[in-house]
Amino acid sequence: MMEMKARSKWLRMYKVFSLALLIILQIYWYKWTRKSEAEWEKLWSGIGNRFRTTLFELEGLLIKIGQFISIRSDLLPKAFIQELLDLTDKVPPSEWSKIQRILNEEWGSELSKKVVAIEKEAIASASIGEVYKGALQDGSIVAIKVQRPNIQSIVHTDFRTLSILVWFADRFVPIPKGFIHLKVLFQELKQVIERELDFTKEMDTLLYFKERFKDSEMVKIPDMHPELCTSKVLVMEWVEGKSSMIQKRLKN
């Protein structure tokens, strides 16, 4: 898989810095001109809309950050948060050709030997990975989680960009003491994302909980297919959710 081109990296960083600078200038201008509460509400709604549009365009780590922000109504204005709510379930999927290339690189000949079919439309799409429904040679229906194309390079670029923004905000943006410790927040986010980028760690966690709850009838942990799991691909048993089973019963 080819890494992001240098031009794409710089363009990505430029768009993030431009957005951050615009937001900071708008906030300072509204404070200086003493805008009304209604005007502030409109401003935050506009900022949120622009923020969401940029995150959808750039994807990657930035969507993850947006998802985190969208649940922190205790820290940010309601009008801003309202614009970010659909970040949790409307991340656009990647082109199938790019996903197929990752599977071929990770599995090699195993793709034709063990997987007989994969639906080309993603069942779910998130900031780090996407999930596809497939079938194995033995007839097992599986959920195939694939890492998004170029996500490693995107995350590296985003972390570099965020580290600069955190440095700038820590020195020049008047954030009240005790409100948000940006450096700590950045380090925690970095640790979480770096762990999520290695799907073998997720597999190990699932296997651990499957063993721990093996005697429980209340907890269902999907079976894994370790022979098909890699750092970028996770294959597990397909499990119908409650809503899916209800729909099936209604159809019958």
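## A question to start with

Which residues in H3 meet which residues in H7? On the H3 side they are Leu 61, Leu 62 and Ile 65. Their partners in H7 are Ile 154, Val 155, Asp 158, Phe 159 and Leu 162. By class, this contact has seven nonpolar residues, no polar ones and one charged residue. Keep these names in mind as you read, and remember that the model you are looking at is predicted.

## The chain as a whole

Let us step back for the overall picture. The protein chain has 252 residues, and 35% of them count as buried. Its secondary structure consists of 10 helices and five strands.

Now take the contacts between residues at least 6 apart in sequence: 60% of them join residues at least 24 apart.

Two packed helices are described by the angle between their axes and the distance between the axes.

Begin with H3 and H7, the pair from the opening question. Their axes come within 8 Å and cross at roughly 60°. That angle makes H3 oblique to H7. Next come helix H7 (residues 151-172) and helix H8 (residues 182-196), whose axes come within 10 Å and cross at roughly 170°. Angles over 145 degrees count as roughly antiparallel, so H7 is roughly antiparallel to H8. In this contact, Val 155, Phe 159, Leu 162, Ser 163, Val 166, Ala 169 and Asp 170 in H7 meet residues in H8. The H8 partners are Leu 182, Lys 183, Phe 186, Leu 189, Lys 190, Ile 193 and Glu 194. Sorted by class, the residues of the contact of H7 with H8 are nine nonpolar, one polar and four charged.

The remaining pair is helix H3 (residues 61-70) with H8. They pack at an angle of about 120°, and their axes are 12 Å apart. H3 and H8 are therefore oblique to each other. Their crossing is right-handed. Leu 61, Lys 64, Ile 65 and Phe 68 in H3 meet Leu 185, Leu 189, Ile 193 and Glu 196 in H8. Six of the residues in the contact of H3 with H8 are nonpolar, none is polar and two are charged.

## Two residues of H7

Phe 159 lies in helix H7. Is Phe 159 buried or exposed? With a relative accessible area of 8%, Phe 159 is buried, because buried means under 20%. Leaving aside residues up to four places away in sequence, Phe 159 touches Leu 61, Phe 186, Leu 189, Lys 190, Ile 193 and Glu 194. Phe 159 and Leu 62 are 97 residues apart in sequence, yet their C-alpha atoms are 9.4 Å apart in space.

Gln 152 is also placed in helix H7. At 37% relative accessibility, Gln 152 counts as partly exposed. Not counting residues up to four places away in sequence, Gln 152 touches Gln 147 and Leu 197. From Gln 152 to Glu 194 there are 42 residues in sequence and 9.2 Å in space, C-alpha to C-alpha.

Now for some loops. Arg 34 is found in the loop between helix H1 (6-32) and helix H2 (37-58). Its phi is near 55°, a positive value in a residue other than glycine. Arg 34 counts as exposed, at 75% relative accessibility. Asn 150 sits in the loop between strand S4 (141-147) and H7. Phi of Asn 150 is positive as well, near 60°. At 27% relative accessibility, Asn 150 counts as partly exposed.

Finally, look for Ile 123, in the loop between strand S1 (115-118) and strand S2 (124-125). Ile 123 has a relative accessible area of 45% and is partly exposed. Which residues does Ile 123 touch, not counting those up to four places away in sequence? They are Val 131, Tyr 132, Lys 133 and Trp 238.

Methods. Residues are numbered from 1 along each chain as its sequence is written. This is a predicted model: local features need pLDDT of at least 70, side-chain atom pairs count only at pLDDT 80 or more; totals for chains, interfaces and linings use all residues. Side-chain values use heavy atoms; hydrogens and water are left out. Helices (H or I, at least four residues) and strands (E, at least two) are DSSP runs, numbered from the N terminus. Buried means under 20% relative accessible area, exposed over 50%, partly exposed in between (1.4 Å probe, protein chains only). Contact means heavy atoms within 4.5 Å. Axes are lines fitted to C-alpha atoms, for helices over the stretch in contact, and angles run from 0 to 180 degrees between N-to-C directions. Angles under 35 degrees count as roughly parallel, over 145 as roughly antiparallel, 65 to 115 as roughly perpendicular and the rest as oblique. Ala, Val, Leu, Ile, Met, Phe, Trp, Tyr, Cys and Pro count as nonpolar, Asp, Glu, Lys and Arg as charged, and the others, Gly among them, as polar. A crossing is left-handed if the near helix is turned anticlockwise from the far one by less than a right angle, and right-handed if clockwise.
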